[in-house]
Amino acid sequence: MNEQIHAEQRPLAVDNSETGLDEVEPELTNEEPVKTESNGKQAVRYVLWGSISVVVNFITFVSLNHVLHVNYQVANLIACIIGVQVGFWIDREIVFRHKSNSALREMAMFYATRVVTYFVEAGTLWIGVSLLSGDATVTKVCGQVLALTGNFLFSKLVIFKNKVKA
């Protein structure tokens with residue numbers, strides 16, 4: 001009986017200079033190959049999908065500060081906590097399409113980096129509102145722009161960085 005071996009079933013040939021060509025079986029793993037993607041595509045997805053967490057953050061801030069008259073810094077802290085949780089899942093699943101079994105570790109890193117950008121935003125609010133007597137909502141927008149830039153860089157370069165498999 002003459003069996004034909006299909007190309008995908010054929011063992012790989014490795015040139016061994018001492019003995020000639022040796023057959024090597026392909027290595028099967030459960031890991032998906034790392035797909036590289038342009039930074040531009042991720043940035044566009046970050047802006048489009050990330051806007052959901054920004055909207056949640058902003059609506060929470062405006063509702064607490066303007067409607068319920070909560071202090072602007074307290075309103076900002078609450079809004080950031082809610083927005084960060086929404087943002088984590090959007091960034092992990094949709095923006096960076098990150099696949100791993102360490103969601104809790106990534107969430108901890110996500111929150112740790114968001115603390116840094118929270119202080120950037122809180123500092124911007126303090127300068128804009130307390131020192132310059134500016135409008136809290138306008139100052140919040142300025143702080144959000146700075147925070148979003150830092151958040152993208154932290155997410156791309158630290159948290160959801162795809163490791164190259166050797």
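Among contacts in this protein (a contact means heavy atoms within 4.5 Å) between residues at least 6 apart in sequence, 62% join residues at least 24 apart. The model is a predicted one, in which local features need pLDDT of at least 70 and side-chain atom pairs count only at pLDDT 80 or more, while totals for chains, interfaces and linings use all residues. Residues are numbered from 1 along each chain as its sequence is written, and side-chain values use heavy atoms, with hydrogens and water left out.

Let me turn to the overall fold. The protein has four helices and two strands; these are DSSP runs, numbered from the N terminus, with helices being H or I of at least four residues and strands E of at least two. Along the sequence the pattern reads β-β-α-α-α-α. Of the 166 residues, 31% count as buried, where buried means under 20% relative accessible area, exposed over 50%, and partly exposed in between, with a 1.4 Å probe and protein chains only. The accessible surface comes to about 11200 Å², and 64% of that surface belongs to carbon and sulfur atoms; such areas come from the Shrake-Rupley method with a 1.4 Å probe, and for residues only the protein chains shown count as cover.

The UniProt record, an unreviewed entry, places the feature "transmembrane region" at residues 46–64, 70–90, 111–132 and 138–159. UniProt positions are given in the numbering used here, feature names are shortened, and annotations may be inferred rather than shown by experiment. In the model, residues 46–64 are 100% helix and 0% strand, with end C-alpha atoms 26 Å apart. Residues 70–90 are 90% helix and 0% strand, and their end C-alpha atoms lie 28 Å apart.

Which residues make up the largest nonpolar core? This core has 11 residues in all: Tyr-46, Val-84, Phe-88, Ile-90, Val-95, Phe-96, Met-107, Phe-110, Phe-152, Ile-159 and Phe-160. A nonpolar core is a set of buried Ala, Val, Leu, Ile, Met, Phe, Trp, Tyr and Cys residues joined through side-chain atoms within 4.5 Å. Helix 2 (72–95), helix 3 (103–131) and helix 4 (136–159) each supply at least two residues of this core, and helix 2 gives the largest share, four residues. A second, separate core of eight residues includes Ala-75, Ala-79, Leu-125 and Ala-136. Returning to Phe-160, and leaving aside its neighbours within four places in sequence, this residue is in contact with Phe-88, Asp-91, Arg-92, Phe-96, His-98, Glu-106, Phe-110 and Ser-155.

Next, the aromatic rings. The structure holds three aromatic pairs. The rings of Phe-88 and Trp-89 have centres 4.7 Å apart and planes at 80°, so this pair is edge-to-face. Rings of Phe, Tyr and Trp (its six-membered ring) pair if their centres lie within 6.5 Å; planes under 30 degrees apart count as stacked, over 60 as edge-to-face and the rest as tilted. Phe-88 counts as buried because its relative accessibility is 0%, whereas Trp-89, at 38%, counts as partly exposed. Tyr-118 and Phe-119 also form an edge-to-face pair, 5.5 Å centre to centre with 65° between the planes. Here Tyr-118 is buried at 17% relative accessibility, and Phe-119 is exposed at 57%. Ring pairs link Phe-88, Trp-89 and Phe-110 into a cluster.

Finally, a loop residue. Asn-71 is found between helix 1 (39–67) and helix 2, and is partly exposed, with a relative accessible area of 43%. Its C-alpha atom is separated by 9.9 Å from that of Phe-61, 10 residues apart along the chain.
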